[in-house]
Amino acid sequence: MSYAIEMRHIRKEFPGIVANDDVTLQVKEGEIHALFGENGAGKSTLMNILFGLYQPDAGEIYVKGQKVKISDPNEANRLGIGMVHQHFMLIDKFTVAENIVLGSEPTRGGKLDMNQAVRMVRELSDRYGLDVDPLKKVEDITIGMQQRVEILKTLYRGSDILIFDEPTAVLTPIEIKELMDIMKRLVREGKSIILITHKLKEIFEVSDRCTVIRLGKVIGTVNISETNPSRLAEMMVGRKVRTPVNDTPYAPKEKVLEVKGLTVLDNRKVPAVRQLDLEVHGGEILGIAGVDGNGQTELIEAIAGLRHVQEGQIKLNGQDITGRRTRKIVEAGLGYIPEDRQKHGLILDFTISENMVLQTYYRGPYARAGVLNHKVMARKAKQLIQAFDVRTPSEKTLARSLSGGNQQKVVIAREMDRSPALLMAAQPTRGLDLGAIEFIHNQLLEEKQKGKAVLLVSFELDEILHLSDRIAVIYEGRIMDIVKPKETNENELGLLMAGRKEARRQA
Amino acid sequence: MIQRFMNGKLYPLFVPLISVVLGLFFGALIMLAGGYHPILAYQSIFESVFLQPYYTGETIRTMIPLVLSGLAVAFAFRTGLFNIGVEGQLLAGWFVSVAAAILCDGWPKILLLPLSILAGAAAGAVWGLIPGFLKARFKVHEVISTIMMNYIALYTTNYLIKHYLYTEGERTPTIPDAASLASATLSHLTQGSRLHWGFIVALLAGLLMWFILWQTTRGYELRAVGFSPDAAGYAGMNVGRNILLSMTFSGMFAGLAGAMEGLGTYQYMMINPAFVGIGFSGIAVALLGMNTSLGVFLAGALFATLQTGGLTMQSEAGVPIELINIVIALIIFLVGSSYIIQLVLNRLAKRGEKR
């Protein structure tokens, strides 16, 4: 059996931490090999070694049976290793073709031959079914398309071994499905793929084998056909993972949020939310399912007072909050876990202690007569750090230096501590690993049991199905339908999300 | 060892310190290349500033407006604003403080002195508020508007002096004694320097900035807006109002710097053919001082030492004073390129760890 890639006994240390400890990874030719592990388990380090960005302290690398030393990414390219980065490395103002050939442009008589470039890109795109228009500017195409441009870049450079670094983190469910098909096609055409991920579903959908890494060590390599998701999850986390499910009885109480005939414009001044009605009651989790860009962001920003309400009314706890300032709405009982925790949820250069009082710093006991009480702030932060198990050296640590999961815990701790009547959670588990997801899901369920109203917006259907009491499907700024999780399935939701109402009766 | 140091509390101080040392070193190299004696040059600076009371006094006197300008720049910077307009705010403060002193001649000192100082501070605040408002309301970039406000301040004050407060010597009349910060005691102590009571104002201003930024809810908001206007908005803070306030406070410090020149150093305001430059030096002072109150004082002290000592360097060591400006420029350049210093440090740390 020949391996496309074989990394033997790789060791890599960083100050104070062993990122890879005797890691062996064997990728067969023509397979999709998943590399599975929590954030910080050492997946990226291993791949950066393979891609020549880091040098291993010990160990050997073989490419197609040949022992190699990969000193830099150019060398990796020469060996046929290509990386599809999680954060795209594209120039917005350039066309697709220009981006792809950048660095090894076809020339004729010393001049750039753009026609040739376009032709080559089109050929590659057709061959692998990527359906990319080489003449479009990158800024004008969707995120999913941009990712395909990244894939084409590696193919153009003749890569046989493609590394996908968390490729689905930025994609919508439909785009994810398309990407999976593309990956299968690539393998059929003779490529080998390493898929870095912490999403179980993807592994079971596309990969042939899977290597699990935990705390820098290989736990094992398994054939996907011979395992199941809960066993794999257990390997990754090192203990049994219970997927939290909303199994407490549905007993809605008084209306907490009432949205009537709401119309909101997006940044281009086009209605993104149209005449939308919605109610959330105490003691329930209302999930909003929908494909990204159907008005979810605008809806929650309008509720939070961050976006102008064009028409309609929003009531929180019986109080009309339409057009109020964010602070007033927060004081009226809103808790908000924003979609982008780094940009909107936290001040990264503030300490945890400062971040914990981001909406309450001006009130007692944190301030008196405009002067802060740092002692009370620190005490509060310490208490929340403990209650929410935030892994940090101290409350004086900057939010920036926490891991994604711990940053999210800070946001959630802060929002829940105010005990808001309505908690809005937008993509609360995006990019987090299983352990953190489990924790956050449990917290949301606890809010329900405390009789609070929870509005959950997520692109992950599983998350919606597991946690919601009712699911509202949003499409082009309207609620298509409201369904109960037990009376629906992914298929029906998928159709509703695509705007097909008749699906309801057929399903 | 380097590793431990880099994780320690003193690490942030390292870049400014190393910049100063390297700046002096490269300055010495340039002096050598020009055929001058660098050790003699630095020695003359040191001896004059630290051993001759007159130069000590003059150094502190130079420090006062430098520190206040530095505080102005640093304060705005904490809110993410780049106030290039300190120079203009300083001129506005200078003029209005002098004008207030002259117009209210006859008032008792206990009223007139505070009034003149506050008038200068208020004028600077207004001059800062205008670009702050433009930024908050119309998203006009503050760098552009404050640069323009500098020119408006320069020519407006010149016009006003020429037409309303002119006296022989292309300047305003001298302010009444009741508005003066000058002190015969201080001058006598320092053998005739122009040292005045303004150093107390600078000290209080430094304390005030520290208190506002770190101890008040207002400062918390200003810093939050500075680090991340988006997150501040999501937390329910009024971003526009904070921008406006930040520029106003910043302008106030700059206005005080101007008042110190008008009521302390000169006792009048002259018609300035060009910018006086103290406001621009404030940018460098804030940069070297890492936008902290204490840092601004230390950086202000250093620049004042070099500037004042530069005079004796010229006379004693025969080194042209322009070289001191080169040294100052080098230090600022090195602080600005702190990235390179950090890179070198990281390399060294890595090498140390391998061994």
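This dialogue covers two interfaces in a predicted model.

Student: How is the size of an interface given, and what area do chain B and chain A bury between them?

Tutor: The size of an interface is often given as the accessible area lost when the parts come together. Here chain B and chain A bury about 2,200 Å² between them, with 60% of it on carbon and sulfur atoms. On the chain B side, the residues that lose the most area to chain A are Thr217(B), Tyr220(B) and Tyr234(B), together 37% of what that side buries.

Student: How many salt bridges are there between chain B and chain A?

Tutor: The count is three. In one of them, Glu221(B) pairs with Arg327(A), and the closest N and O atoms are 3.9 Å apart.

Student: Which elements give two or more residues to the side of chain B that touches chain A?

Tutor: They are helices H9 (198–215), H10 (217–227) and H11 (229–234) of chain B. H10(B) provides the largest share, six residues. By type, that side of chain B has ten nonpolar, seven polar and four charged residues.

Student: How is chain A divided, and what area do its domains bury between them?

Tutor: Domain 1 of chain A spans 3–237, and domain 2 spans 255–333 + 420–506. Between them they bury about 970 Å², 59% of it on carbon and sulfur atoms. In domain 1, Pro173(A), His198(A) and Lys201(A) lose the most area to domain 2.

Student: How many salt bridges does the rule find across the interface of domain 1 and domain 2 of chain A?

Tutor: Two. Lys201(A) also forms a salt bridge with Asp462(A), at 3.9 Å from N to O.

Note on methods: Residues are numbered from 1 along each chain as its sequence is written. Chains are lettered from A and ligands numbered from 1 in the order in which they are written. This is a predicted model: local features need pLDDT of at least 70, side-chain atom pairs count only at pLDDT 80 or more; totals for chains, interfaces and linings use all residues. Side-chain values use heavy atoms; hydrogens and water are left out. Buried area is the accessible area (1.4 Å probe) that two parts lose on being put together, summed over both. A salt bridge is a side-chain nitrogen of Lys or Arg within 4 Å of a carboxyl oxygen of Asp or Glu. Helices (H or I, at least four residues) and strands (E, at least two) are DSSP runs, numbered from the N terminus. Ala, Val, Leu, Ile, Met, Phe, Trp, Tyr, Cys and Pro count as nonpolar, Asp, Glu, Lys and Arg as charged, and the others, Gly among them, as polar. Domain bounds come from an automatic or database domain assignment.
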